[in-house]
Amino acid sequence: MGLRLAVSGIAKSYNGDTVLRDCSFTFKEHGVYILTGPNGCGKSTFLRICALIETPDSGKIDYSLDGGLLRPDLGLRRRLTLVLPKVGVFNTSVSRNVAYGLAIRGIRSHESERRVNKALEFVQLGHKKRQNALTLSSGETQRLGIARALVIEPEILFLDEPTASVDQKNTGIIEDLILQMKKDKRTTVVMATHDREQAEKLADSVLAMKDGKFS
Amino acid sequence: MSSIYDSFSQALSLIFHLDAELLGIIFLSMKVSCIGLLVAVVLGLPLGVFLGIKKFRLKGILITVLNTFMGLPPVVVGLFLYLLLSRSGPLGFLSLLYTSTAMVVAQSILAFPIVAALTHSAVIGVDPVIGQASSTLGATRLQVSLAVIREARFGIVSGIVAAFGRVVAEVGAILIVGGNIAGYTRVMTTAIALETDKGNFELAVALGIILIAISLLINSVLHIVQKKGMVGVS
Amino acid sequence: MFRKAVFCLFLVLCAVVVRPVQGFAATEIICSSTTSTDNSGLFGYILPLFEKKTGIKVKVVALGTGAAIEMGKRGDADVAFVHAKEQELKAVKEGFFVNRHDVMYNDFVIIGPVDDPARIRGMKSASEAFKKIAAAGKFVSRGDKSGTNTKELQLWKMVGIEPKGQAWYIEAGQGMEKTQRVADEKRAYTLTDRGTWLATKDKDRLAMAILVEGDPMLFNQYGVMAVNPARFKGVKYKEAMEFVDWLISKEGQQTIASFKDKNGNQLFFPDAK
Ligand SMILES: Nc1ncnc2c1ncn2[C@@H]1O[C@H](COP(=O)(O)OP(=O)(O)OP(=O)(O)O)[C@@H](O)[C@H]1O
Ligand SMILES: [Mg+2]
């Protein structure tokens, strides 16, 4: 087992409104974890905190490897990634969007090109390489988000509603991608979704969230 | 009427037979404007980005001040700079008065608030998701800022061009601190003012045409860049 | 790439900032002067000769008369070359300048219609002539605050006449040549400098003549003086004095006399003592 995440006693509030309270869970095994719960219960907030782009008000986010605790530094952050619900595409070509994660790691030219092409093929966007990413459809945009995340080969991949407002065909593509990753057993996927069917189809375990806690 | 016509035709012949003096004036104009702008960009762009990204007290006041300074009257800038750089002023020991360096300083003071304020508004116009996305992909703080700058690039470039427009067209401040010395600190705008005074309308018109041509060129380049950056065009 | 671009720009910047500093090695002095002197082209003629002889570059900042003296008073010039003798002497007395010398003069003349309706031909006093023009003629003023205009207003003040708004007083708001043409058309009198008159009277076919000249009031005395080094540390007094001494030397004076406008007329008359 590789990177392991233990979340304990997380609390977070915005402007006095408590979103997460005493939220704990340990992601032990490789696999696909599905996060469900009503709108506004704090799934996205939980994912952002786990992905280390936001800090909780209290509680601990412990990443460990073979029993040794890892410091929450840039090195650790670069081993995980989160695809945001709005993705956040850069105003440039599809391939440059995907290459971004590699560029900031100093990986350029051939190596980068090879990996970008591979990731784009994986999400079936190879033919859209040169198109401006802002002109993609929502389904394509979600797939771009996943390609951009996969290209950096994260050990844990957080996905925040990747199939919301995506049609059946594209949802199918994305679900197949996740099943493929599940089979490869290299990446742990933590995904928020409202789609029960999808949850059942993909999940190794389902986490139900209610009022800022796992029930 | 015929006088305007004469001025124009003679101006055109002056432009076609560019003499060394005219070239020198154009070159100095460009040099002073570009370097002044460069200094303004080097200082103003990071400030604009900082104001756009960071939250801190007094930020609102700072932005208001910047916006006010965007319309700073050049002669007032020139006057203050003159008093500072004068041999009887606090910075007199630098011997910068009546040099092109003093003109560069004046230009950067005029361009700085424009670059900073327009960069700021370009940066706050960027969707916050951009910063988050680059952060999730493992960007350092600096890399996140650069990603945001890159998204704001067209707005920032417009700001820089606006600042350049102000700077090349500027007379008041550089006349005061530069002194319009022939061959040293005489630039297009101050030469136009002088030649008009002397009644040498042909030369003034020639310089005016060149000045407008340069502005036109720069704005066309900007237009092309902007158009290219527009979604769906490439 | 962004960083590379910034770096290149930074290098350029350094190069330019450093350049003027190197300039100090060659001797350069700043001369404050008036716009009309600079516009006459005199400096463009004499300064290269001076530089060739001494290696000193003279950078001329041209301002209005008052501002030119003020500039020296602040220590922002090394030498002043102006034409306002009273103000110059006052500034010397106050200790701002030293070594003032007369250098040259040019003169104004009153011109008018050849038939001279106000009967001023040959008068010795310019102010008396002005009185007669006010009573029986028309006058075209440049009305542009130039040196000539200032001299004219000074004369009106001497005789206690306020010309502004009078029916016989026309403000052209133009350069000297245009003003002469307006005066010619209106059959009016005007005050002009001899250089312009000589250069343009035939070309513009003016039906006018010089009617009054030679009154000392009409002389425009130019002087040169060095900024007092005791007052301002940075002043380049030695080089400034080389310039002053050259202007009043035989060679400098001859150079001034040999300066001609584009029509071949002498504009300035050397008179250093
Ligand atoms: N930056 C913020 N500032 C203020 N409030 C916030 C912020 N982020 C989230 N919230 C609030 O926190 C609560 C939880 O939001 P969150 O996005 O985590 O919910 P969610 O479970 O992902 O909901 P959904 O299923 O609709 O995506 C919401 O009430 C939201 O308004
Ligand atoms: Mg959500």
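How many bridges join strand E1 (residues 4-14) of chain A to strand E4 (residues 58-65) of chain A, and in which sense do the two run? Six bridges join them, and E1(A) and E4(A) run antiparallel; here helices (H or I, at least four residues) and strands (E, at least two) are DSSP runs numbered from the N terminus, and two strands pair if DSSP finds at least two bridges between them. This is a predicted model, in which local features need pLDDT of at least 70 and side-chain atom pairs count only at pLDDT 80 or more, while totals for chains, interfaces and linings use all residues. Residues are numbered from 1 along each chain as its sequence is written, chains are lettered from A and ligands numbered from 1 in the order in which they are written, and side-chain values use heavy atoms, with hydrogens and water left out.

**The antiparallel sheet of chain A**

- Four strands of chain A form an open sheet in the order E2-E1-E4-E5, with antiparallel pairing, and its edge strands, each pairing on one side only, are E2 (17-27) and E5 (68-70).
- From one strand to the next, the twist in this sheet averages 30°, where axes are lines fitted to C-alpha atoms, for helices over the stretch in contact, and angles run from 0 to 180 degrees between N-to-C directions.
- Helix H1(A) lies across E1, E2 and E4 of chain A and runs at about 125° to E1(A), contact meaning heavy atoms within 4.5 Å.

**The mixed sheet of chain A**

- Six strands of chain A form a second open sheet in the order E6-E7-E8-E3-E9-E10, with mixed pairing, and strand E6 (80-83) and strand E10 (213-214) are the edges, each pairing on one side only.
- Strand E3 (residues 32-36) and strand E9 (residues 205-210) of chain A pair in the parallel sense over four bridges; Leu35(A) stands opposite Leu207(A), and the bridge partner of Tyr33(A) is Ser205(A).
- E9(A) and E10(A) pair in the antiparallel sense over two bridges, with Lys213(A) as the bridge partner of Lys210(A), and in their hairpin, which has two residues between the strands, Asp211(A) takes a positive phi near 50°.
- Helix H5 (residues 138-150) of chain A lies across E6 and strand E7 (156-160), running at about 175° to E6(A).

**Ligand 1**

- The shell around ligand 1, with a residue counted if one of its heavy atoms lies within 4 Å, includes Tyr14(A), Val19(A), Arg48(A), Glu161(A) and His194(A).
- Helix H1 (residues 43-50) of chain A gives the largest share of this shell, four residues.
- The shell residues divide into three nonpolar, six polar and three charged, where Ala, Val, Leu, Ile, Met, Phe, Trp, Tyr, Cys and Pro count as nonpolar, Asp, Glu, Lys and Arg as charged, and the others, Gly among them, as polar.
- Oxygen atoms of ligand 1 lie 2.8 Å from a backbone N or O atom of Gly42(A), 2.7 Å from a side-chain N or O atom of Lys43(A) and 2.6 Å from a polar side-chain atom of Ser44(A).
- Taken alone, ligand 1 exposes 640 Å², of which the protein buries 60%, the accessible areas coming from the Shrake-Rupley method with a 1.4 Å probe.

**Chains**

- Chain B has eleven helices and zero strands, and its C-alpha atoms fill a box of roughly 65 × 50 × 30 Å along the principal axes.
- Of the two pairs of chains that touch, chains A and B have the most contacts, whereas no contact joins chain A and chain C, whose closest C-alpha atoms lie 12 Å apart.

Key. A polar contact is a pair of N or O atoms within 3.5 Å; within protein, one must be able to donate a hydrogen and the other to accept it, and residues adjacent in sequence count only if both atoms are side-chain atoms.
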